[in-house]
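Good morning, and thank you for coming. Please look at the chain on the screen while I describe how its parts are arranged.

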Amino acid sequence: MTILERPNLKLILIPLLAASLTYLQSCKDEDGDINLFSVSDDLAFGAQTAEQIENDSSFAIIDSASNVAAYAYIYAMRDKILNTQLLNYTDRFPWRIRLVNDEVLNAFCTPGGYIYVYTGLIKFLDFESELAGVMGHEMAHADKRHSTDALSRQYGISLMLDIIFGKEKGQLARIASGLKDLQYSRKNEAEADEYSVIWLNATDWDAKGAAGFFQKLIDQGQSGGTPQFLSTHPDPGNRVQAITDKWIELGSKPGVQNQAEYTTFKSILPQ
């Protein structure tokens, strides 16, 4: 190949770089963070993760057909949050719930809105508003796309290039398999707490519900990080203060806690 026949690398690379920068700009979320994944990827990741969980015998999923009243109660709580119409993906994500019969203090929501709530957490709490606050927090992780934000930070430019060159299919399947072990950043945790307050404030619940959970951890001396969702932001005291501050900022609206209804709900769960 002569010099005249050689391809002009500038003519090739400059348009590619421009396209890459345009792509990255379009991937920025409302906080300016770059998310390399589409909302459709969130939905696909969530469905795949849910399938893995429900095929794993270590997850004791409570059967919805045999526990109609318990599921009706938890879905009514979900619907009250969704009916605020404040979520970005109210109608696009399935927001499907599964109760897990396990004494662990935990709840989580996959990308795309598959929600898992453990009976250990439900029984630990005293008020419906507290569980609503935790549910709002977990739903915020999905609605604000924190999982794929974290994956974008983890895989960065190499994944972007795979996407640009159309090589992402095998990569995406491999990444999805590790979603259950993904850790959120402190920024993500703080944002999820904040939106829990915002969403509950648009209902009749006490919008500080999630703070009640963290305060009970403090009161019972469990502030060392036992629940899984304290792993990246382990100071419940700071979270109580931040949640309370947000509630005050929104006008300090009093709300209901629904203790009697919640006690009944706990009594109908499998023992």
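From the N terminus on, the elements of the chain run α-α-α-β-β-β-α-α-α-α-α-α-α-α. That comes to 11 helices and 3 strands, where helices (H or I, at least four residues) and strands (E, at least two) are DSSP runs, numbered from the N terminus. The model is predicted: local features need pLDDT of at least 70, side-chain atom pairs count only at pLDDT 80 or more, and totals for chains, interfaces and linings use all residues. Residues are numbered from 1 along each chain as its sequence is written, and side-chain values use heavy atoms, with hydrogens and water left out.

Of the 271 residues of the chain, 49% count as buried; buried means under 20% relative accessible area, exposed over 50%, and partly exposed in between, with a 1.4 Å probe and protein chains only. Among contacts in the chain with a separation of 6 or more, 73% come from residues 24 or more positions apart. Contact here means heavy atoms within 4.5 Å.

Let us turn to the sheet. Its 3 strands form an open sheet in the order 1-3-2, with mixed pairing. Two strands pair if DSSP finds at least two bridges between them. Strands of a sheet pair through backbone hydrogen bonds, either parallel or antiparallel.

Why is one side of strand 1 and of strand 2 left without a neighbour in the sheet? Strand 1 (96-100) and strand 2 (107-109) stand at the edges, and each has a single partner strand, so one side of each has no neighbour there. From one strand to the next, the twist averages 15°; axes are lines fitted to C-alpha atoms, for helices over the stretch in contact, and angles run from 0 to 180 degrees between N-to-C directions.

Strand 3 (residues 114-118) pairs with strand 1 in the parallel sense over 5 bridges. Within this pairing, Ile 97 stands opposite Ile 115, and Leu 99 has Val 117 as its bridge partner. Strand 2 pairs with strand 3 in the antiparallel sense over 3 bridges, and Val 117 is the bridge partner of Ala 107. Strand 2 and strand 3 form a hairpin with 4 residues between them, and Gly 112 in the turn has a positive phi of about 80°.

Is strand 3 enclosed or open? Because 5 of its 5 residues are buried, strand 3 is largely enclosed by the rest of the structure. Tyr 114, Tyr 116 and Tyr 118 lie on one side, with Ile 115 and Val 117 on the other, and both faces are covered.

Helix 5 lies across strand 1, strand 2 and strand 3, running at about 30° to strand 2.

Helix 5 (residues 128-143) also meets helix 8 (residues 186-201): their axes come within 8 Å and cross at roughly 125°. That makes helix 5 oblique to helix 8, since angles under 35 degrees count as roughly parallel, over 145 as roughly antiparallel, 65 to 115 as roughly perpendicular and the rest as oblique.

Finally, consider Leu 105, in the loop between strand 1 and strand 2. At 11% relative accessibility, Leu 105 counts as buried. Leu 105 and Ile 122 are 17 residues apart in sequence and 8.0 Å apart in space, C-alpha to C-alpha.
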